[in-house]
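Please read them alongside the coordinates.

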Amino acid sequence: MWDTIGHEWAVAYLQKTIETDRIAHTTLFTGPAEIGKTHLARWFAAALHCQSDARRPCGTCRGCRDTHAGAHADLLLIEPDKGRVKIDQVRRIQHELALRPYNSPWRVCVVSGFETTTIEAANALLKTLEEPPPHAILLLTALDPGLLLPTIVSRCRVLSLRPVAPHTIADALVERYQVDPQRATEIAQLSAGRVGWAIRACEDPAMLDQRDADVQMLLKLFDQGPAARLRVAEELAQRDDVHPAIFEWQLVWRDIMLLAAGCDERLIVNQQQLPRLRHLAQSTGLESARAAAANAQDVVRQIAQNVNARLALETMLLSWQNR
Ligand SMILES: [Zn+2]
């Protein structure tokens, strides 16, 4: 029983690889931040370590429990260290995967944020991908396969996860987290398919305030000149993680695109800003909004590839016309 929200096709696919014994040595889960890539990878790890004779993962055996607690002897969890997956972490992955499993048929390593891996570290991992030890399973997550070396991607089974439908997220928030239905619907809408974000937002209302502040910041910038924009770029570049703000801005551009294209207004994420967004859609037009959204996506890529964040943000903000 997989305790995942959405991504049913990916769960069915992974389940099938277990039942038919056609498990890939390396799987790459891609998709936007917080849509559940690492969560799904960990459930797959649990399925691999599950000791049940029935359908795996059972969720209750020692193998499943230890995997979820991050305490299984045959599981290694790697996250970026100060924003990067580094060569010493890759060496540790190679060392651990080369060992024989203790309590499972598999040694499993889950690496989150693989797009932050330095080229040197990614190249070092290639040898493991080319000739994996027979019991080694490597589960990588990344925002976009385009951010990785093609030589890495070509050696992975790639599962491209999409944002989860808001009604699926809302139902899960009500059923599993006992959130009030109206609040669940609002948060699911604002999450734009990011399951992890929606769950965190239910527990931490400050995230919704931060989100509002980021959207307001963008809307205000349309009325401001270059000096204010440069100030905002500097301020943002100093944040520990600038991606959530840029993601919210991408959603605003998406809303503007939808309105400019005459789509149903119920599809708009930022419902509270509807009058202002209508005005922006009229003055911007579909093509300019589309270009701005694509540009914001490029900035996310550039920052992931370690381009100077302040410079990338300055260029983006200065390119927006006053509205
Ligand atoms: Zn189990």
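The points that follow go from the domain layout to the sheet and then to the helix packing.

1. The model is predicted. Its chain is divided into three stretches: domain 1 covers 8-160, domain 2 covers 166-204 and domain 3 covers 207-319.

2. Domain 1 against domain 2. Between the C-alpha centres of domain 1 and domain 2 there is a distance of 27 Å.

3. Five strands make up an open sheet with parallel pairing, and their order is E2-E3-E4-E1-E5. Strand E2 (75-78) and strand E5 (157-160) are the edge strands, each with pairing on one side only. On average, neighbouring strands of the sheet are turned by 15° against each other, with direction ignored.

4. The E1-E5 pair. Strand E1, residues 26-30, is joined to E5 by four bridges in the parallel sense. For a residue to check by eye, take Phe29, which stands opposite Leu159 in E5.

5. H7 against H8. Helix H7 (residues 166-177) packs on H8 at an angle of about 140°, and the axes are 8 Å apart. What does that angle make of the pair H7 and H8? Roughly antiparallel would need an angle over 145 degrees, so H7 and H8 count as oblique to each other. The crossing of H7 past H8 is right-handed.

6. Residues between H7 and H8. From H7 come Pro166, Ile169, Ala170, Leu173 and Val174; they meet Pro181, Ala184, Thr185, Ile187, Ala188, Gln189 and Ser191 in H8. By class, this contact has nine nonpolar and three polar residues, with no charged ones.

7. H8 against H9. Helix H8 (residues 181-191) also packs on helix H9 (residues 195-203), here at an angle of about 135° and with the axes 9 Å apart. H8 and H9 are therefore oblique to each other as well. H8 passes H9 in a crossing that is again right-handed.

8. Residues between H8 and H9. Which residues of H8 meet H9? They are Ile187, Ala188 and Ser191, and their partners in H9 are Trp197, Ala198, Ala201 and Cys202. Six residues of the H8-H9 contact are nonpolar and one is polar, while none is charged.

Methods: Residues are numbered from 1 along each chain as its sequence is written. This is a predicted model: local features need pLDDT of at least 70, side-chain atom pairs count only at pLDDT 80 or more; totals for chains, interfaces and linings use all residues. Domain bounds come from an automatic or database domain assignment. Two strands pair if DSSP finds at least two bridges between them. Helices (H or I, at least four residues) and strands (E, at least two) are DSSP runs, numbered from the N terminus. Axes are lines fitted to C-alpha atoms, for helices over the stretch in contact, and angles run from 0 to 180 degrees between N-to-C directions. Angles under 35 degrees count as roughly parallel, over 145 as roughly antiparallel, 65 to 115 as roughly perpendicular and the rest as oblique. A crossing is left-handed if the near helix is turned anticlockwise from the far one by less than a right angle, and right-handed if clockwise. Two residues are in contact if their C-beta atoms, placed from the backbone, lie within 7 Å. Ala, Val, Leu, Ile, Met, Phe, Trp, Tyr, Cys and Pro count as nonpolar, Asp, Glu, Lys and Arg as charged, and the others, Gly among them, as polar.
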